[in-house]
Amino acid sequence: MTTFALIDGNSFYCSCERVFDPKLARRPVIVLSNNDGCAVARTAEAKALGIRMGDPFFKIRDLCRDNDVAVFSSNYTLYGDMSARLNAIYRQWSPEVEIYSIDESFLDVSHVAPAQRTSFGADLRATVQRWTGIPTCVGIGQTKTLAKLANHVAKKNPGLGGVCDLTNDHDRAAWLDRIEVGEVWGIGAASERKLLSIGVESAGDLSKLDRRLARQLMGVVGEGTAFELQGISCLALETIAPQRKGCAVTRSFGQPVTDLAGMLEAVSSYATRAGEKLRRHGLETTHLLVFMHTSRFNERDPAHSAQTVVHLPESSADTMDLIAAAQIAARRIFKPGFRYAKAGIVMNDLVSAKAAPRPLFGARDREKSARLMTALDAVNSRFGRGALAPAANGLKAKWQARFERQSPRYTTRFEELPTARTERFNNSKEQS
C-alpha cells in the first residue's frame with residue numbers, strides 16, 4: 001500500500017531570512033508581499049502579537065516598530081533557491097517526490113516499515129535542519145489528504161516533535177475527530193458551509209459521510225476527499241508536473257502610472273517575463289489579456305478599470321511578439337487622467353510549442369526567433385534576470401514595485417554572499 005509524507009518549511013519565507021541572520025532567531029519576523037503591501041509570512045512570535053496573514057503593512061507599521069518586528073520584502077530569488085535545496089535532500093530520502101509548492105513536497109515513503117515511519121520523519125527533519133537551517137514538519141498518511149492533515153497536526157502540537165503519523169487506524173480516527181472540517185485540504189468556504197448545515201463539523205464526520213451525499217454536496221472532488229479521509233487513495237503523486245493551462249504576470253506599481261509611456265514600459269516588462277515563463281515550460285500562447293486599474297483603496301482619485309484581449313497571428317513564446325501584442329492592448333485601453341495602480345498580462349489555453357499548429361502561408365522565421373530567444377535566456381541565466389532586456393522595458397522605471405526591505409540574495413549572487421568577520425581580542429593586561 002502506498003504511503004505518503006508531506007514535508008513543509010515552517011514559516012518558510014521567514015525561516016529563509018533567519019538562516020542568514022542568527023540575530024533573528026527569537027525575534028518576530030514577517031515578510032511582505034510584492035510592493036511591500038501585506039504580510040504573507042509570519043513567525044510564531046509575530047502571530048502572537050496579533051499580526052494576521054494578509055494584514056496591510058501600513059496598518060501594522062506601528063505595531064511592528066513598537067515590538068521590534070523584523071520586516072522584510074519578498075526575496076523570491078533566495079526562497080526559490082532554498083526550496084530547490086530542500087527538494088534535493090528529499091530526493092535522497094524518497095524514490096518519488098512531488099513539489100506541491102515552494103515550501104511543500106509530497107514524498108512516497110512506502111518503502112519505510114510502519115514501525116519506523118515516525119523515526120524516518122524525525123531523521124528527515126533533522127537532516128534538513130542541519131544541512132539548510134530550515135525547520136520543517138512532517139505528516140504521514142495513507143493518502144495525500146491524510147498526509148496533509150497529519151502535517152497540520154504536527155504543526156499545531158509541539159509535543160509530537162514535528163512529526164505525525166496517521167497510518168494507524170486508531171490514531172487517525174482520534175485526530176480526525178479533533179480537526180475542524182474547514183481545515184481539510186480541498187474544503188473551501190462554500191463546501192464548509194454546506195457540510196456544517198448538515199452537522200458535519202469535523203474531519204472525522206466527513207470521513208463517515210455517505211459517499212453519494214458527499215458527491216451531491218461537493219461534486220466528484222468532494223467525494224474523493226471523503227474517500228481519502230477513509231484511507232482510500234484517489235490522488236497519486238505527480239512527479240511530472242502537468243502542462244500548465246495558463247500563465248499570468250501581474251504587479252502593483254511602486255508609484256501610480258499616469259502616462260502612456262510608463263504603461264507601455266510596464267506591460268512590455270511583464271510580456272518579457274511572460275515569455276521567459278512560457279519558454280521554460282515549452283509552451284506558447286495564441287492570445288494575451290491585458291488589464292489595468294486604479295487603486296481600489298483610493299477614494300480621492302477617479303476610478304478606472306479596463307481589459308482587452310489581443311490575438312497573435314500564430315502561437316508564440318517570442319518576447320518580441322508578446323511585447324508587440326501587449327503594447328497594442330495597452331494603447332487600446334489606456335485613458336489619460338487616471339492614476340493606475342496595477343496592470344498585468346494573463347494567458348490562457350496555452351499550447352505545447354512542439355504540437356502548436358502552424359500557418360501554411362505568411363509564417364515567420366521560427367528558427368531565427370528560437371536562436372534569438374535561446375541567446376536571450378542564456379545571457380539572463382548566467383548574469384541574472386534583466387541583464388539583457390528589450391529597450392521597450394525602460395531603464396530604472398519609477399513604476400517598478402518596491403522592495404525596500406529586501407535582504408541580499410545570499411545563495412545566488414557572488415557580490416551578495418554573506419561575509420563572516422573575526423575581531424581580534426585585545427587584552428591590555430595580557431599584553432603587558
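Buried means under 20% relative accessible area, exposed over 50%, and partly exposed in between, using a 1.4 Å probe and protein chains only. This is a predicted model, in which local features need pLDDT of at least 70, side-chain atom pairs count only at pLDDT 80 or more, and totals for chains, interfaces and linings use all residues. Residues are numbered from 1 along each chain as its sequence is written, and side-chain values use heavy atoms, leaving out hydrogens and water. Helices (H or I, at least four residues) and strands (E, at least two) are DSSP runs, numbered from the N terminus.

**Strand S7: burial**
- Strand S7 spans residues 136–141, and six of its six residues are buried.
- In a regular strand, side chains alternate between the two faces of the sheet.
- Both faces of S7 are covered.
- One side holds Thr136, Val138 and Ile140; the other holds Cys137, Gly139 and Gly141.

**Strand S7: partners**
- Strands pair if DSSP finds at least two bridges between them.
- S1 (residues 4–9) runs antiparallel to S7, joined by six bridges.
- Asp8 stands opposite Cys137 of S7.
- S8 (residues 163–165) runs parallel to S7, with three bridges.
- Gly139 has Cys164 in S8 as its bridge partner.
- From S7 the chain passes through helix H6 (residues 144–156) to S8, a left-handed β-α-β crossover; right-handed would be a clockwise path from the first strand over the helix to the second, with the strands pointing away from the viewer.

**Gln307**
- Gln307 sits in strand S11 (residues 305–316).
- Gln307 is exposed, because its relative accessible area is 54%.
- Gln307 contacts (heavy atoms within 4.5 Å) Leu289, Val290, Phe291 and Ile333, not counting residues up to four places away in sequence.
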